[in-house]
Amino acid sequence: MNTQYRPTTGPRHDGGQAIATAHAPVFSLIGNTPLIPLRFRTEGVTLLAKCEFLNPSGSIKDRFAQCVMTDAEQRGLLRPDSIILECTSGNTGIALAMVGAARGYGVTILMSESASVERRHLLRQFGAQVILLPKGGTYQAGIDRSREMAARDARYFLTRQFENPLNTQDHEQHTGPEILRQVAGPIDAFVAGYGTGGSLGGCGRAIKARYPQARIVAMEPAEEELHAAECRCCFCIEGVAGKGFVPPLLQNAPLDATVSISAAEALQATRRLHREFGLMVGTSSGANVAAALRIARDLPPDAVIVTLLCDRAERYFSTRLFTESDSSNSKPGTR
Ligand SMILES: Cc1ncc(COP(=O)(O)O)c(C=O)c1O
């Protein structure tokens, strides 16, 4: 993959054409998310969870959407008829659609038809155009298609989430420092999955710079199916890539370890977050928590372990998280 960030396919638009850079009111709701303690009594572990699902479109991706659009506007790369174009498993698309709606740009999203149908509804509700890619296609095929579209039509502005250094930088300069402000004292471990690698790499770098002894841990889905060519991000733990895929933004990240989490473990932990903590989050949040609990086994009981709750559960109604019968119906007070 070409890791060079080329921010636009068309000419710069400035002078009379430029759109005044202004913050949309919804931007004030992005970031500065709470960090909350989750006490798992059975395990005797307390995790610190960064509530990224509280961002206004419902996921951590609001940060990238705001950052990339603000940067593009400031640099005069957008014009009134610009169309934001991205190939995404969904959350980035929803975030871009929200920002596009708030700033008055068209948004076109390429997304696998295997991504949950709720994502399509949200995208269309924000006014975005959705182009579905066939199941079984590779993510790279989607990225290639977006590049072909941008090469043919200068109105398209590619946000290039997989190679755009702003993605990692924004987490290094904002999400990571927020965590450092919110945690009193040293951090022993930071655990998160990765799609583009922006959040794991960016937060990881910020935390490691302050606390070099902190372990930066990647959560990876365990299933063998993820080795197939099929779109990796849309398997059970949506939004998260699997083994064998190292996104360009993660190539120089300060990673100390990886933890493999099965779909069953991710679903079970997600349901625990729903029923034991009242946190209605998506499957990758459960996967992150399952991985963080695994890491906690090797650390002292008072270790400070931070993880991310990436998105909300409402976009998974049609997935196994809600459709599969669940035998782990835990009762109050069992945690
Ligand atoms: C639900 C969910 N979890 C985790 C991630 C990982 O985020 P990143 O792209 O920063 O690696 C994503 C990315 O889209 C996501 O949608």
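**Sheet and ligand shell in a predicted model**

An open sheet of 4 strands runs in the order β5-β4-β3-β6, with parallel pairing. The model is predicted.

Reader: What makes β5 and β6 the edge strands?
Author: Each pairs on one side only. β5 covers 129-133 and β6 covers 156-158.

Reader: How are neighbouring strands of this sheet turned against each other?
Author: By 25 degrees on average, direction ignored.

Reader: How do you know that β3 and β6 pair?
Author: Two strands pair if DSSP finds at least two bridges between them. Here 3 bridges join β3 (residues 83-87) to β6, so the two count as paired. They run parallel. Leu85 stands opposite Leu158 in β6.

Reader: Which strands does helix α2 touch as it packs on the sheet?
Author: Helix α2 (residues 91-103) touches β3 and β4 (106-112). Contact requires C-beta atoms, placed from the backbone, within 7 Å. The direction of α2 makes about 170 degrees with that of β4.

Reader: Which residues come nearest to the ligand?
Author: Gly195, Thr196, Ser199, Gly239 and Ser284, of the 21 residues around the ligand. The elements giving two or more residues to this shell are α2 and α6 (198-210). α6 gives the most, with 3 residues.

Reader: How do the residues of the shell divide into nonpolar, polar and charged?
Author: There are 5 nonpolar, 13 polar and 3 charged.

Reader: Which domains does the shell draw on?
Author: Domain 1 (26-54 + 175-323) and domain 2 (61-158). Each supplies at least three residues.

Technical notes:
Residues numbered from 1 in each chain as written. Predicted model: local features only at pLDDT ≥ 70, side-chain atom pairs only at ≥ 80, totals over all residues. Axes fitted to C-alpha atoms, helices over the stretch in contact; angles between N-to-C directions. Contact = placed C-beta atoms within 7 Å. Near = placed C-beta within 6 Å. Nonpolar A, V, L, I, M, F, W, Y, C, P; charged D, E, K, R; others polar. Domains from an automatic or database assignment.
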